[in-house]
Amino acid sequence: MASERKATADPARSLAILWRTREPTSRSAGPGLSVDRIVRAAIAIADAEGLDALTMRRVAEALGVGTMSVYTYVPGKAELVDVMIDTVYGEMPRAAVAGDWRARLERIARDNLALYQRHPWMLRAETTRPVLGPHLVGKYDHELSAVADIGLTDVEMDAVLTLVLGHVKSAARAASEVVDLERETGMTDGQWWQSHAPWLERLMTAGSYPTAARVGTAAGQQHGAAYGPEYAFEFGLQRVLDGISVVVAERAAAGQPG
């Protein structure tokens, strides 16, 4: 998945900060400055204003210290974003989820959706190259436990998680775009639909698109908009789980004596 992050973090420096193998100090910053304080300030900025607003200078201003003091603890924005991502992963629940594998995966999907809703900048910050920090590893280990006992191979377990979390991220991105459009245009999806629906229905019904007219009208009336993010997430999640259930059933049948 493409990312808008331009800088590449130095792996040695990122891992040292992620795992806190060293905690530098800055005499000029005074007592109390730490990687954790810097990261929390950066997350607050990204939550409120987005990833584009995040700079080392902005973080320093939020903390009331000089910019160079921040660089003493975190060498650059790329490394900072890595630690921000891993820190946010630490918010994820780790308690065991009752129920079968389907209920466990459904819970994982909803927990990840809630994470994106709290921190929408994550949709841009994450890449296919994972941030190998302790919270990511803990999250991955916890989520694998949802499918550890259902007959899948290790590779299939990883692929199942990738499939479910990919659907979550896609749905979260679409929902985030709806919010962005409302902010940029000053018009909600419902208002957009109300202004366009009569014209669309008239034009498509009068033309050669009877199926599009019927289905589009039904969907628009159902959602009160051109697109329903919540419906899309729920419908898609259940279909993803239906597909996984086929694989689980095949593995169970293959394991039965003939």
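The dialogue below goes through the helices, contacts and domains of this predicted model.

Colleague: How do you know which residues the numbers refer to, and what is counted?

Modeller: Residues are numbered from 1 along each chain as its sequence is written. The model is predicted, so local features need pLDDT of at least 70, side-chain atom pairs count only at pLDDT 80 or more, totals for chains, interfaces and linings use all residues, and side-chain values use heavy atoms, with hydrogens and water left out.

Colleague: What makes α9 and α12 roughly antiparallel?

Modeller: The axes of helix α9 (residues 154–185) and helix α12 (residues 229–254) cross at roughly 170° and come within 10 Å. Angles under 35 degrees count as roughly parallel, over 145 as roughly antiparallel, 65 to 115 as roughly perpendicular and the rest as oblique. α9 and α12 are therefore roughly antiparallel. Axes here are lines fitted to C-alpha atoms, for helices over the stretch in contact, with angles from 0 to 180 degrees between N-to-C directions. Helices are DSSP runs (H or I, at least four residues), numbered from the N terminus.

Colleague: Which residues make the contact between α9 and α12?

Modeller: Contact means heavy atoms within 4.5 Å. On α9 the residues include V160, L163, V164 and V168, and on α12 they include F233, L237, V240 and I244. By class, the contact has 13 nonpolar, two polar and two charged residues. Ala, Val, Leu, Ile, Met, Phe, Trp, Tyr, Cys and Pro count as nonpolar, Asp, Glu, Lys and Arg as charged, and the others, Gly among them, as polar.

Colleague: Why is L163 called partly exposed?

Modeller: L163 lies in helix α9. Buried means under 20% relative accessible area, exposed over 50%, and partly exposed in between (1.4 Å probe, protein chains only). L163 has a relative accessible area of 44%, so it is partly exposed. L163 touches V240 and I244, leaving aside residues up to four places away in sequence. The C-alpha atoms of L163 and L237 are separated by 9.9 Å, and these residues are 74 residues apart along the chain.

Colleague: What makes α8 roughly perpendicular to α9?

Modeller: The axes of helix α8 (residues 134–144) and α9 come within 10 Å and cross at roughly 105°. That angle makes α8 roughly perpendicular to α9. K139, Y140, E143 and L144 of α8 meet M157, D158, L161 and L165 of α9. This contact has five nonpolar, no polar and three charged residues.

Colleague: How do you know that the span of α2 is close to what is expected?

Modeller: The expected span of a helix is 1.5 Å times one less than its number of residues. Helix α2 (residues 35–49) has 15 residues and reaches 21 Å from its first C-alpha to its last, close to the expected 21 Å. After α2 comes G50, whose phi is positive, near 95°.

Colleague: What covers the buried residues of α2?

Modeller: The cover includes α1 (11–18), α3 (56–63), α4 (67–73) and α5 (77–89). Among the buried residues of α2 are V35, I38, I43 and I45.

Colleague: What is the span of α6?

Modeller: Helix α6 (residues 101–118) has 18 residues and reaches 26 Å, close to the 26 Å expected. Its buried residues include W101, L105, I108 and Y116, and what covers the buried residues of α6 includes α5, α7 (122–125), α8, α9 and α12.

Colleague: Where are the domains of the protein chain?

Modeller: Domain 1 is 11–89 and domain 2 is 91–255, with bounds from an automatic or database domain assignment. Their C-alpha centres lie 31 Å apart. The contact takes 17 residues from domain 1 and 19 residues from domain 2.

How values were computed. Helices (H or I, at least four residues) and strands (E, at least two) are DSSP runs, numbered from the N terminus.
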